[in-house]
Amino acid sequence: IVLIINSINLIDGIDGLASGLCIMGTVGYSVVFFHRDMNIYMLLAAAMIGLLVVFYLYNTLGKPGVIKTFMGDTGSLTMGFLLAFFAIKLTTIDKPMFGGQNDGSYFIYAVSVLMIPVMDVFRVFFARIRDAKGPFFPDKRHIHHKLMALGFSMRQTRYLIFSMSIFFFAINIFIYAYLGWNI
């Protein structure tokens, strides 16, 4: 829970990145909740999607001082907690996703939805520790900072990370569905 909460908080470095990744994650979770007739969880996820879409629009298209909104720590921590809650609930489903026996497919699905923020936290924390700094030492090592240092605009960086998230999710589900858990 703490890892997911902090990963959403730490990925919130450019406009729309955390909210966009939360939208994609929540859509992924709501699809499974709908498919498994878990209506109360699907309703909570749908409410979160509606809230995040409006926030995303005001955050990315708004003008500072006029109509622009910011997520801040409270928003990112709340979104991270709800995503962690959804991930835990998803892994408790005892029906198989791809047919056959329940063999961990929901765990793979839950992890795949959150792969970019969680792996970014691991990568940054281990790099900071390797350099003899504290894991919470602020720096510009997050993936969005690295992409912007390569010359991508904030918008290009955001959409590139969204594309990477969708790609990793699709690859994980495809590999798992056809090659199994060990691969």
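A salt bridge is taken here as a side-chain nitrogen of Lys or Arg within 4 Å of a carboxyl oxygen of Asp or Glu. The model is predicted, with local features needing pLDDT of at least 70 and side-chain atom pairs counting only at pLDDT 80 or more, while totals for chains, interfaces and linings use all residues. Residues are numbered from 1 along each chain as its sequence is written, and side-chain values use heavy atoms, with hydrogens and water left out.

**View 1. Salt bridge between arginine 130 and aspartate 131, and the network that includes both.** The side chains of aspartate 131 and arginine 130 meet at 3.4 Å, N to O. Aspartate 131 is partly exposed at 33% relative accessibility, whereas arginine 130 is exposed at 62% (buried means under 20% relative accessible area, exposed over 50%, and partly exposed in between, with a 1.4 Å probe and protein chains only). Aspartate 139 forms a salt bridge with arginine 141, their closest N and O atoms being 3.1 Å apart, and arginine 141 is buried, with a relative accessibility of 15%. Arg128, Arg130, Asp131, Asp139 and Arg141 are linked in a network of salt bridges; the count for the model comes to 6 salt bridges.

**View 2. Salt bridge between aspartate 120 and arginine 123 in helix α6.** The N-to-O distance in this salt bridge is 2.9 Å. The two residues lie 3 apart in helix α6 (residues 115–130), which means that about one helical turn separates aspartate 120 from arginine 123; helices are DSSP runs (H or I, at least four residues), numbered from the N terminus. Aspartate 120 is buried at 4% relative accessibility, while arginine 123 is partly exposed at 37%.

**View 3. Packing of helix α2 against helix α3.** Helix α2 (residues 17–35) and helix α3 (residues 39–61) pack at an angle of about 155°, their axes lying 9 Å apart, so α2 is roughly antiparallel to α3 (angles over 145 degrees count as roughly antiparallel). Axes are lines fitted to C-alpha atoms, for helices over the stretch in contact, and angles run from 0 to 180 degrees between N-to-C directions. The crossing of α2 and α3 is left-handed, a term used if the near helix is turned anticlockwise from the far one by less than a right angle.

**View 4. Nonpolar surface patch formed by Ile1, Leu44, Phe81, Phe85 and Ile88.** The patch covers about 440 Å², and helix α4 (residues 72–91) gives the most to it, with 3 residues. Such patches join nonpolar side chains (Val, Leu, Ile, Met, Phe, Trp, Tyr) within 5 Å, from residues with over 30% relative accessible area and no salt bridge. Isoleucine 1, found in the segment before α1 (2–11), is exposed, with a relative accessible area of 52%.

Note on methods. Patches are made of residues with over 30% relative accessible area and no salt bridge: like charges are joined within 9 Å, nonpolar side chains (Val, Leu, Ile, Met, Phe, Trp, Tyr) within 5 Å. Accessible areas come from the Shrake-Rupley method with a 1.4 Å probe; for residues, only the protein chains shown count as cover. Angles under 35 degrees count as roughly parallel, over 145 as roughly antiparallel, 65 to 115 as roughly perpendicular and the rest as oblique.
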